[in-house]
Amino acid sequence: MVPIVPILSTGSLVEMGTSMSNSKNSFAIIWQTMKVLLLKDPKDKDSGPDPYIKELGLYGLEATLIPVLSFEFVSLESLFEKLSHPESYGGLVFTSPRALEAIKICLKENSKSEAWSKSLRQRWNIKPAYVVGKATASLVEEIGLSPQGEKTGNAEKLAEYICSREKPNSSCLLFPCGALKREVLPTALKEKGIPLESLTVYQTTQHTNLQESLSSYFSQQGIPASVVFFSPSGVKFCLQHIQKLSGDFINHVKFAAIGPTTAEAMEAAGIPVSCTAESPTPQDLAAGIQKALRLQNCILSKNTAHISG
């Protein structure tokens, strides 16, 4: 059964408020298929439809992506220099798909691609490539390496996984990361005496079209039933815009997080978190949103019956 809840458009919000004040029998709700706003970049166009949109669609949820972040890649020469010396490291650590994108940019150069395919890939493949989440694992596989730890789902659990497999004072792990990385994983490994070398390979900024895209979405689609944040940076860059566009009706929105780190950022910003995906996958996120909205639908149905009765 396709889930149904009220989608509150800018026009219907005013009408609904007026109707409620005039007569309980004229209470007006526009019933539509639920809409979900995903604050994330779309998947690479060459790799088919975005898996989150596809999975949410299986639940009858109409999802829309709005890119939130822009990335500037830095220190790529230094990155490939380090990748050229696998003998100096005990393995790799990736907590972001963007770090893999940095490597793929390096490999676009013919000379570097040739060096990677001829010897470097094989030499790195005898060492662990630790990852957090399936999206990052998939990109690791694309460069020819075998990921480990993809089921951990967040930096805390990945750190525990690494600590259970690496010995203190072993060879250093190379950690390509973003400028805004959290210190959870580096701190946990340091406490266990596991060497880690961090290298900043990308910087995060707000997407240039973010405010315009959000305004366009709310004016054309109305207020969504659910909004999903995919990173603490997304919370930082989007929250004020969404609050302004939603107005007093922001309490109608179910806010979801892709994982515990993002959920913490949402709570710190004062956003009630209706659901957090058990793991950062389209399947778990869609199931969590569907459950949260189904509960809301039951409450709204009861309230509507009470008002109309």
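Guide: Two strands pair if DSSP finds at least two bridges between them. This model is predicted, and the definition can be applied to E6 and E9 in it.

Visitor: What makes E6 and E9 a pair?

Guide: E6 and E9 are joined over 2 bridges. The cut-off is at least two, so E6 and E9 count as paired, in the parallel sense. Within this pairing, Gly91 stands opposite Leu173 in E9.

Visitor: How do you know that E6 also pairs with E7?

Guide: There are 3 bridges joining E6 to E7, and the two strands run parallel. As the definition asks for at least two bridges, E6 and E7 therefore pair. Val93 has Tyr130 as its bridge partner in E7.

Visitor: Why is H3 called roughly perpendicular to H4?

Guide: Helix H3 (residues 76-83) and helix H4 (residues 97-106) pack at an angle of about 85°, with axes 10 Å apart. Angles of 65 to 115 degrees count as roughly perpendicular, and H3 is therefore roughly perpendicular to H4. H3 contributes Leu76, Leu79, Phe80 and Leu83 to the contact, and H4 contributes Ala102, Ile103, Ile105 and Cys106. By class, the residues of this contact are 8 nonpolar, no polar and no charged.

Visitor: Which residues of the largest nonpolar core touch the most other members?

Guide: Leu79, Leu83, Phe94 and Ile103 do, within a core of 28 residues. At least two residues each come from H3, E6, H4, helix H5 (110-125), E7, H6 and E10, and H4 gives the most, with 5 residues. Leu79 touches Ala102, Ile103, Cys106, Pro176, Leu199 and Val201, leaving aside residues up to four places away in sequence. Another core, of 25 residues, lies apart from the largest one and includes Leu210, Leu239, Val253 and Ala265.

Visitor: Why is Lys40 counted as buried?

Guide: Lys40 has a relative accessibility of 13%. Buried means under 20%, so Lys40 counts as buried. Lys40 is placed in the loop between strand E3 (35-39) and helix H2 (51-58). Beyond residues up to four places away in sequence, Lys40 touches Asp50, Tyr52, Leu65, Ile66, Pro67, Val68 and Phe230.

Visitor: Why is Ser75 called partly exposed, and why is Asn169 called exposed?

Guide: Ser75 has a relative accessible area of 36%. Partly exposed covers values between the buried limit of 20% and the exposed limit of 50%, so Ser75 belongs there. Asn169 has a relative accessible area of 70%; exposed means over 50%, and Asn169 is therefore exposed. Ser75 lies in the loop between E5 and H3, and Asn169 in the loop between helix H7 (155-165) and E9.

Visitor: What is phi of Ser75, and what is phi of Asn169?

Guide: Phi of Ser75 is near 55°, a positive value in a residue other than glycine. For Asn169, also a residue other than glycine, phi is positive too, near 60°. Most residues other than glycine have a negative phi.

Methods: Residues numbered from 1 in each chain as written. Predicted model: local features only at pLDDT ≥ 70, side-chain atom pairs only at ≥ 80, totals over all residues. Heavy atoms only, no water. Axes fitted to C-alpha atoms, helices over the stretch in contact; angles between N-to-C directions. Helix = DSSP H or I, 4+ residues; strand = E, 2+ residues; numbered from the N terminus. Parallel < 35°, antiparallel > 145°, perpendicular 65-115°, else oblique. Contact = heavy atoms within 4.5 Å. Nonpolar A, V, L, I, M, F, W, Y, C, P; charged D, E, K, R; others polar. Core = buried A, V, L, I, M, F, W, Y, C linked by side-chain atoms within 4.5 Å. Buried < 20%, exposed > 50% of the residue type's maximum accessible area, 1.4 Å probe, protein only.
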